[in-house]
Amino acid sequence: MKRFGMSLGDRFRHVDPILFICTTLLSFMSILTIYGAVDNFGKSKLTMQIAMTLAGMVALFIVANIDYRFFVDRFAIVMFLASVFLLALTLLFGSTGENMETANRSWIRIPIVNIAVQPSEFVKIAFLCTFAKHIELVKKKIDHPKSLLGLALHAAVIVGLILLSGDLGVALVYLGMIAFMLFCAGLSGWYFLGAAVLAAISFPLLWELLRTDQQNRIIFGFQPELDANGVGMQALMSRDAIASGGFWGRGLTSGGIYEDLPASHTDFIFSTVCEKFGFLGGAVVVITLVVLSLRLLWLAYRSRDFVGRLICSGIAAVIILQTLENLWMCLALVPVVGITLPFMSAGGSSVFALYFLMGLAHSVYAHEKRFFFRREN
């Protein structure tokens with residue numbers, strides 16, 4: 001069977017098998033977990049997760065068969081402007097989280113189909129491409145203050161709009177992605193050291209600017225036992241749910257602590273997995289995410305195209321940072337912020353956007369041969 005001059009087998013060869021197995025396994029675990037808790041989560045969550053997983057896989061195969069440079073070279077400016085527009089629109093007309101288990105103004109509800117989407121998840125795709133292109137344009141003089149200022153302004157516009165919406169968890173992922181891409185691009189380590197020193201010096205001043213309730217949320221976030229019936233309750237319930245699963249878990253359709261745990265289908269899906277499938281199920285999820293991250297880093301390392309390297313490293317940063325933030329949050333080690341576990345948490349925007357990002361990684365894998373005999377300038 002051939003379409004557009006390429007056999008179906010050739011199209012499948014554009015997909016990296018390790019990445020595909022990892023994402024498929026995570027999605028299977030996610031759907032299985034939501035199915036086992038459908039009486040608590042609702043059938044709509046299960047239907048949405050299945051639909052977005054299938055739609056995401058279709059998007060993955062389409063993007064994998066398109067040269068990633070097509071997006072980067074032709075639509076960088078358009079994607080940046082569209083990102084600013086979407087985030088500004090969200091800030092002005094976004095939902096404050098009523099009946100959506102969040103206080104962030106980071107959702108836009110589409111009235112005709114009555115579906116809420118999170119634009120910041122899709123902006124990750126555009127930002128990754130545009131920031132990689134921006135770095136490529138200045139890579140020969142990336143350490144020059146003028147070049148760095150331009151990159152900082154590029155990043156500040158996007159991250160600033162996300163922070164204004166109140167979505168701290170997603171903003172932290174963006175900041176980590178930016179830092180990792182700059183590191184992989186060869187930015188001098190002195191800049192990172194300077195940023196760390198500046199952050200340490202500024203912390204006491206920034207702390208004083210926070211309200212007492214904001215300070216308490218941070219303190220109790222790191223020590224939830226100090227406010228077990230208030231700020232720390234959700235994190236402590238999450239930790240108890242993980243512990244209650246033991247080694248083998250309580251069973252697919254069993255009830256448990258997760259039934260009373262807020263956001264147990266999204267931000268705390270890992271707690272639900274561990275309660276149902278135990279340490280063994282949690283280990284499968286963690287190991288799969290580790291393998292996925294290492295494979296992305298390997299593709300970045302092997303890529304001979306500068307932009308391809310940055311794209312894979314940026315996607316790896318997203319997976320690693322979201323995983324660490326989410327797992328530490330579920331284990332009551334850090335303050336609770338709204339962040340999903342990649343491919344596991346229920347949520348159409350997150351799942352579809354992640355599959356699109358993986359499509360870009362597959363595209364780098366598929367088109368790597370173009371650069372086998374090409375030297376970088």
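Tutor: Start with residue classes: Ala, Val, Leu, Ile, Met, Phe, Trp, Tyr, Cys and Pro count as nonpolar, Asp, Glu, Lys and Arg as charged, and the others, Gly among them, as polar. By that scheme, the lining of the second largest pocket has 16 nonpolar, one polar and no charged residues. This is a predicted model, so local features need pLDDT of at least 70, side-chain atom pairs count only at pLDDT 80 or more, and totals for chains, interfaces and linings use all residues. Residues are numbered from 1 along each chain as its sequence is written, and side-chain values use heavy atoms, without hydrogens and water.

Student: How do I read a pocket or a cavity?

Tutor: Rolling a probe the size of a water molecule over the atoms shows where empty space is left. On a 1 Å grid over the protein atoms alone, a cavity is a set of points where a 1.4 Å probe fits but cannot get out, and a pocket is an open set with protein on both sides within 12 Å along at least five of seven lines; lining residues have an atom within 4 Å of a point.

Student: Which residues lie nearest the centre of the second largest pocket?

Tutor: Ala152, Leu175, Ile178, Leu182 and Ala195, out of 17 lining residues.

Student: And what lines the largest cavity?

Tutor: Leu87, Thr90, Ser106, Pro119, Ser120, Leu161, Ile162 and Ser165. They divide into four nonpolar, four polar and no charged.

Student: Where does H5 bend?

Tutor: A bend is the angle between axes fitted to the seven residues ending at a residue and the seven starting there. Helices (H or I, at least four residues) are DSSP runs, numbered from the N terminus. H5 bends by about 80° at phenylalanine 75.

Note on methods:
Helices (H or I, at least four residues) and strands (E, at least two) are DSSP runs, numbered from the N terminus.
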